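Please work through the following exercises with the sequence and the model at hand. Each task is followed by a solution in steps.

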Amino acid sequence: MSHLIRSIRTGEWAEAKKLRLAALQDPVAHLAFLETYEEAVVRPDSYWQDRTAGAAEGVAWRQQIIAEGPDGEWAGSVTVLVEEAGARDPFDMVVERRQGHVVGVFVRPEHRGSGVTGALFDAALEWSWDAGLERVRLFVHEKNGRAEAFYRKAGFVPSGVSAPAPGDSGDQELEFVIERS
């Protein structure tokens, strides 16, 4: 793999926007993301600037990690949010302990199977452990088998916790966790 795995930088909002919009056009985006392309594409530049600055290198509560190709194109991304005990998560559940929450996982189709996703997750977990987190979790839609298979391969295991998927489908989001060894 010839990609540089690193945290984003504050001024890279245009690249972050471009990758996010590509992610939201993926065929399984409706299963993987809580927003749509139509919602995201109309957001002003200030939104993308703030979003990028809030997850850039050196930020302690959120980190977006990217895989940058030799040509400078971003091949993929993963973001870790630090959740504090007692806070409410995106599903309105109370967070039981300080932990990481992986969101925004996306790798461009032409880079899947190349090791990029694994390298992004390795970096995300390393950042989480360096931040003093003892546990990292993520949610995967029950119908997103491709993602679930990767998360299991990366060492995440089902916790038994689930939450209703957004919308009125009756589908579930399944929590997977990995503990610091």
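Predicted model: local features only at pLDDT ≥ 70, side-chain atom pairs only at ≥ 80, totals over all residues.

**Exercise 1.** Determine where Ser 77 lies and whether Ser 77 is buried or exposed.

Solution. 
- Step 1: Ser 77 belongs to strand β3, which covers residues 74-83.
- Step 2: The relative accessible area of Ser 77 is 3%.
- Step 3: Buried means under 20%, so Ser 77 is classed as buried.

**Exercise 2.** Identify the residues that Ser 77 contacts, leaving aside neighbours within four places in sequence.

Solution. 
- Step 1: The contacts include Leu 19, Gln 64, Ile 65 and Ile 66.
- Step 2: Gly 104, Val 105, Phe 106 and Leu 120 are also in contact with Ser 77.

**Exercise 3.** Carry out the analysis for Thr 79: in which strand does Thr 79 lie, and which residues does Thr 79 contact beyond four places in sequence?

Solution. 
- Step 1: Thr 79 is found in strand β3.
- Step 2: With a relative accessible area of 11%, Thr 79 is buried.
- Step 3: Its contacts are Arg 62, Gln 63, Gln 64, His 101, Val 102 and Val 103.

**Exercise 4.** Explain what the salt bridge between Asp 26 and Arg 112 ties together.

Solution. 
- Step 1: The closest N and O atoms of Asp 26 and Arg 112 are 2.7 Å apart.
- Step 2: Asp 26 sits in the loop between α1 (13-23) and α2 (29-32), while Arg 112 sits in the loop between β4 (99-107) and α5 (116-130), so the pair ties together parts that are 86 residues apart in sequence.
- Step 3: Asp 26 is buried at 10% relative accessible area, whereas Arg 112 is partly exposed at 28%.

**Exercise 5.** Describe the salt bridge between Glu 148 and Arg 152 and its place in the structure.

Solution. 
- Step 1: The closest N and O atoms of this pair are 3.0 Å apart.
- Step 2: Both residues lie in helix α6 (residues 145-153), four residues apart, about one turn of the helix.
- Step 3: Glu 148 is buried at 17% relative accessibility, and Arg 152 is partly exposed at 43%.

**Exercise 6.** State how many salt bridges the model has and which residues are linked in a network.

Solution. 
- Step 1: The count comes to 20 salt bridges.
- Step 2: The network links Glu 83, Asp 89, Arg 97, Arg 135, Arg 137, Glu 175 and Glu 179.

Methods. Residues numbered from 1 in each chain as written. Heavy atoms only, no water. Helix = DSSP H or I, 4+ residues; strand = E, 2+ residues; numbered from the N terminus. Buried < 20%, exposed > 50% of the residue type's maximum accessible area, 1.4 Å probe, protein only. Contact = heavy atoms within 4.5 Å. Salt bridge = Lys/Arg side-chain N within 4 Å of Asp/Glu carboxyl O.
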